[in-house]
There are 2 protein chains.
Amino acid sequence: MSRFWSALIQRLAPYTPGEQPRMADLVKLNTNEHPLGPSPRALEAIRADAADSLRLYPDPRATALREALAAYHGVLPDQVFVGNGSDEVLAHAFAALLKQKEPLLFPDITYSFYPVYCRLFDITFQIVPLDAAMAVNIADYRRRAGAIILANPNAPTGTALPRARIAELLDEHADIPVVIDEAYVDFGAESAVPLVASHPNLLVVHTLSKSRALAGLRVGYAIGDAALIEALNRVKDSFNSYPLGRLAQAGAIAAIKDEAWFQQARDYVISGREQLSNGLAQLGFEVLPSAANFVFARHPKHDGKVLAARLRERAIVVRHFDTPRIADYLRITVGSRVQIDKLLAALKELLGAAAGSPAAR
Amino acid sequence: MSRFWSALIQRLAPYTPGEQPRMADLVKLNTNEHPLGPSPRALEAIRADAADSLRLYPDPRATALREALAAYHGVLPDQVFVGNGSDEVLAHAFAALLKQKEPLLFPDITYSFYPVYCRLFDITFQIVPLDAAMAVNIADYRRRAGAIILANPNAPTGTALPRARIAELLDEHADIPVVIDEAYVDFGAESAVPLVASHPNLLVVHTLSKSRALAGLRVGYAIGDAALIEALNRVKDSFNSYPLGRLAQAGAIAAIKDEAWFQQARDYVISGREQLSNGLAQLGFEVLPSAANFVFARHPKHDGKVLAARLRERAIVVRHFDTPRIADYLRITVGSRVQIDKLLAALKELLGAAAGSPAAR
């Protein structure tokens, strides 16, 4: 507390990002980064733009990037908004669209940044519990609401709704804004982007941090009706005219255009996910069906927090949430083949050693 | 208007950044970019970081960059906050520090983003007119206030207060936060950073867009008491955990450490400013004394708006503000020697041609 702080500071409950430890030979499976490096064409475009032109401001509207994204998704450039990572895009969406008189709805178990934004922007929200299978049931959203946000696939569970369910949700709530956060959609779920044309209340949020392996570049975007995009632009132009630097714009354009890299990198993660899920199941874990680049799993006999700590001692970092309903679970990023092997070997050893010890239960 | 917009959108009055025209052979003197390319070491660091490691998130706290900035300014890393350009740093400062019960004070003629932030965050503000010489007079700030923000050097006027005046202001308002926006300070004004040690109410905001020639990279920062920095961190961690990508952090570190480049690039701009100011004075312009990388000038016989339009026809873009008190003025960035020569030649021709024409008055 300081006498110089605004009243806002006291109501905040800041988000805690997954840690970025600086350890040598770390098996880093805690923040859902891609196991492969990004498109070489993206790296080339960035290097080419690391030039004297960096003295100049970037295009504040990122026109070329929005055009590339529009072409990729089959929409118009005016239906695309870009920002400094999807977290910034989400922040603007919370301020511009999700703050309504009636409460915003989202699941109890989902991206833990959503309630943080609600505190920042003083948004009333209501939590809708996932069903017993840890899945979103759209019937549970049939209640008075000002707006809805869902992550699809959901995080940290990894489970996804088919597009037809999202369409139903949109139809049932045609009079309020609905944001679908598709950070992980490329790893095997159906995108809601084709629904934008018929649903003016839909905003779909994507990121280049996951399926494009560009977490270090900070580019996210949203697709929706031009009126929703205009709302985001108004907030953006009241906050920071130039959210994306020249290198981010150049790298993102090249990444979006490199379809060959995208397909093979996605296939690599999807087959790695099968390997990881099967390996965990063989060790006795219950693994939720994942459409993302991570799996969410618990062992009926072992405490999630203890397992995460034991793995960390072996320089393997996974994410554990000390939160009701999911405290038993580990969220494990689909790493490289070598990383998956190391993780499974370490778990096998830990579970064996722990048999009969206090870590078992 | 859209029925899906939050109430916020209606109260916004977004900022209009200086245009970034896409014209060939443009003499671009409208957004105060540096005439030289950035430090080659910064470009090298960026190219080295355009690698597979871009798949990983950046350090959310930008520890190495904050350490480099702290060493450069002789403060502690906990006294440094970094953001996605100084516009983002300012936005967080408005939310975290400048929103108080009593009104925020700033000049009538200053960075036009300040009232935009006030609308975004619903901050009450009071305008304090510049004096007759278009300068800030700190005696005018002796009134009931919740916070103060001053740009020093001021923009678009370019005039600066000495550090002793800033110290007086801080002493007279020791119980409220005071932000000094030093975007242009390196071109010849005295920084308030040495006052941070003795003034817990002071936050100083800098950018790498101007004197480091990195407008395209998007890096800004603030220096102040650790409690003020903590307030900014709380807002940042409620908005976007990773505001600065890996390339921005790497490039900024290298730029800050390249003192030789910095000194010679600054000298180049300062001597260019003398040339530009003298040339304008010879053409009959009144030129305000500038401590920035631009000059603010008006011609007693020629309309600023008309001159700006005529220059634009010749592919020379300067900034004109259609605003009371300064509508006569042009804000002209100190460009390269060639650009300065082109501008002065064009003005000479325009003023000659206009003698006796309706553009003269």
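## Helices, strands and overall form

Helices and strands are DSSP runs, helices (H or I) of at least four residues and strands (E) of at least two, numbered from the N terminus. On that basis A:D122 lies in the loop between α5 and β4 (125-128) of chain A. The structure is a predicted model.

Chain A holds 11 helices and 12 strands. Its radius of gyration is 21 Å, close to the 21 Å that the globule rule gives for 361 residues, so chain A is as compact as a globular protein of that length. The C-alpha trace of chain A spans about 60 × 50 × 50 Å along its principal axes.

Of the 361 residues in chain A, 64% are buried. The accessible surface of the chain comes to about 12800 Å², and carbon and sulfur atoms account for 52% of that area. Taking the contacts in chain A between residues at least 6 apart in sequence, 73% join residues at least 24 apart.

Chain A carries 39 positive and 38 negative side chains. The centres of these two sets lie 5 Å apart.

A:C118 sits in helix α5 (residues 114-121) of chain A. With a relative accessible area of 2%, A:C118 counts as buried, because the cut-off for buried is under 20%. B:C118 is also at 2% relative accessibility, so B:C118 is buried by that cut-off.

Apart from its neighbours within four places in sequence, A:C118 is in contact with A:F94, A:L104, A:F106, A:I123 and A:F125.

A disulfide is a covalent bond between the sulfur atoms of two cysteines. Counting pairs of cysteine sulfur atoms within 2.5 Å, the total over all chains is 0 disulfides.

## Backbone geometry

Two cis peptide bonds can be described here. The bond from A:A155 to A:P156 is cis, with omega near 5 degrees. A:P156 belongs to the loop between β5 (147-151) and α6 (163-172) of chain A. In chain B, the bond from B:N152 to B:P153 is cis, with omega near -5 degrees. B:P153 is located in the loop between β5 (147-151) and α6 (163-172) of chain B.

A:D122, in the loop between α5 and β4 of chain A, has a positive phi of about 60 degrees although it is not a glycine. B:N32 is not a glycine either, and has a positive phi of about 55 degrees. The loop that holds B:N32 runs between β1 (27-29) and α2 (40-49) of chain B. B:N32 has a relative accessible area of 0%, which means that it is buried.

## Serine 336 in chain B

B:S336 is placed in the loop between β12 (329-333) and α11 (337-354) of chain B. At a relative accessible area of 17%, B:S336 is under the 20% limit and is therefore buried. Once neighbours within four places in sequence are left aside, B:S336 is in contact with B:P35 and B:Y268.

Notes. Residues are numbered from 1 along each chain as its sequence is written. Chains are lettered from A and ligands numbered from 1 in the order in which they are written. This is a predicted model: local features need pLDDT of at least 70, side-chain atom pairs count only at pLDDT 80 or more; totals for chains, interfaces and linings use all residues. Side-chain values use heavy atoms; hydrogens and water are left out. Buried means under 20% relative accessible area, exposed over 50%, partly exposed in between (1.4 Å probe, protein chains only). The radius of gyration is taken over C-alpha atoms; the globule rule is 2.2 Å times the number of residues to the power 0.38. Contact means heavy atoms within 4.5 Å. Accessible areas come from the Shrake-Rupley method with a 1.4 Å probe; for residues, only the protein chains shown count as cover. Lys and Arg count as positive and Asp and Glu as negative; His and the chain ends are not counted. The place of a charge is taken as NZ of Lys, CZ of Arg, CG of Asp or CD of Glu.
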